[in-house]
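Thanks for coming. I have one structure to go through today, so please look at the sequence and the coordinates on the screen.

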Amino acid sequence: MNLERYDTKVTEDALTFEFTSIGPKGEIHKIVVYQHIEGNIFNLAFGDLNGEIRSIDDLIVSDNKDTEKVLATVASTIFDFFSVYSGILVLAKGSTQSRTRLYRRYLTIFLEYIDQEFLLFGELDEEIERFESGKDYTAFYISKKIK
C-alpha cells in the first residue's frame with residue numbers, strides 16, 4: 001500500500017511525531033504522541049499542536065481537505081513506534097464518537113493491509129475481540145505481529 005503522507009519529525013525515543021498538514025486552511029501543525037497508560041499499553045494521542053503551550057487539541061476540526069493523507073501519516077508512525085517497542089498494545093480511540101467512526105471506516109478499508117503486519121482488536125461492550133468489519137467498536141487496539 002502506497003498512500004501519500006506527510007514527512008514527520010520524530011523524537012529520539014519514537015514517542016512523539018510532528019508534521020504539517022497543508023491545504024486550503026493553510027499550514028496546520030499536527031502531533032502524534034504515544035503515551036504510556038499502564039503495563040504494556042500505550043495510548044495513541046493525535047490532534048493539532050497548540051504551539052504556545054505544546055499541547056494536543058484533539059477536538060478541533062481542521063477541515064484542511066487532506067483527511068486521508070493525515071490519517072496515513074498517523075498510521076505510518078505506528079511502524080516507527082513498533083520498530084523501537086515490542087510486546088506493546090496501542091490503544092486508539094477518537095475524542096468523539098464521529099472520530100471513532102471515521103477511524104473505524106479507515107481501519108475497515110485497509111484491514112487486509114493491516115492484517116499483514118499487525119493484530120487489530122476492537123472494544124465492544126467493554127470486551128476486546130479481533131476486529132471485524134461492520135461492528136460499532138468504541139476503541140481499537142493494535143499490536144505488531146511476531147514473525
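This is a predicted model: local features need pLDDT of at least 70, side-chain atom pairs count only at pLDDT 80 or more; totals for chains, interfaces and linings use all residues.

Let me start with strand β4, residues 41-50. For the cut-off, buried here means under 20% relative accessible area.

Now the partners of β4. With strand β3, residues 26-38, the pairing is antiparallel and runs over 8 bridges. β3 and β4 make a hairpin, with 2 residues between the strands. Gly-39 sits in that turn and has a positive phi of about 50°.

On to strand β5, residues 55-57, which pairs with β4 in the antiparallel sense over 3 bridges. Here the pair to look for is Leu-49 and its bridge partner in β5, Ile-56. β4 and β5 also form a hairpin, this one with 4 residues between the strands. In that turn the residue with a positive phi, about 50°, is Arg-54.

Then there is strand β6, residues 89-92, which runs parallel to β4 and is joined to it by 3 bridges. Ile-41 stands opposite Leu-89 of β6.

Next, the pockets. What is the volume of the largest pocket? It comes to about 780 Å³. Its lining has 33 residues, and those nearest the centre are Leu-71, Val-74, Ala-75, Ile-78 and Leu-107. Several elements supply at least two lining residues each, among them β4, β6, α2 and β9. The largest share comes from α1, with 8 residues. Sorted by class, the lining has 24 nonpolar, 4 polar and 5 charged residues.

The second largest pocket has a volume of about 330 Å³. It is lined by 18 residues, and the closest to its centre are Lys-30, Ser-62, Thr-67, Arg-99 and Leu-102. Two or more lining residues come from each of β4, α1 and α2. α2 gives the most, 4 residues. By class, this lining divides into 7 nonpolar, 5 polar and 6 charged.

That brings me to helix α2, residues 97-109. It has 13 residues and spans 18 Å from first C-alpha to last, close to the 18 Å expected at 1.5 Å a residue.

Which residues of α2 are buried? They are Arg-99, Thr-100, Tyr-103, Arg-104, Tyr-106 and Leu-107. These residues cover an arc of only 165° around the axis, so they lie on the same side of α2. As a reminder, an α-helix has 3.6 residues a turn, so residues three or four places apart point the same way. On the other side of α2, Gln-97 and Ile-109 are exposed.

Is Ile-109 in particular buried or exposed, and with what relative accessible area? Its relative accessible area is 52%, and exposed means over 50%, so Ile-109 counts as exposed. One distance to finish on: the C-alpha atoms of Ile-109 and Ile-78 are 17 Å apart, and the two residues are 31 residues apart along the chain.

Terms used:
Residues are numbered from 1 along each chain as its sequence is written. Side-chain values use heavy atoms; hydrogens and water are left out. Buried means under 20% relative accessible area, exposed over 50%, partly exposed in between (1.4 Å probe, protein chains only). Two strands pair if DSSP finds at least two bridges between them. On a 1 Å grid over the protein atoms alone, a cavity is a set of points where a 1.4 Å probe fits but cannot get out, and a pocket is an open set with protein on both sides within 12 Å along at least five of seven lines; lining residues have an atom within 4 Å of a point. Grid points are joined across faces, edges and corners, and a volume is the space filled by probe spheres set on the points. Ala, Val, Leu, Ile, Met, Phe, Trp, Tyr, Cys and Pro count as nonpolar, Asp, Glu, Lys and Arg as charged, and the others, Gly among them, as polar. The expected span of a helix is 1.5 Å times one less than its number of residues. The arc is that of the directions from the helix axis to the C-beta atoms.
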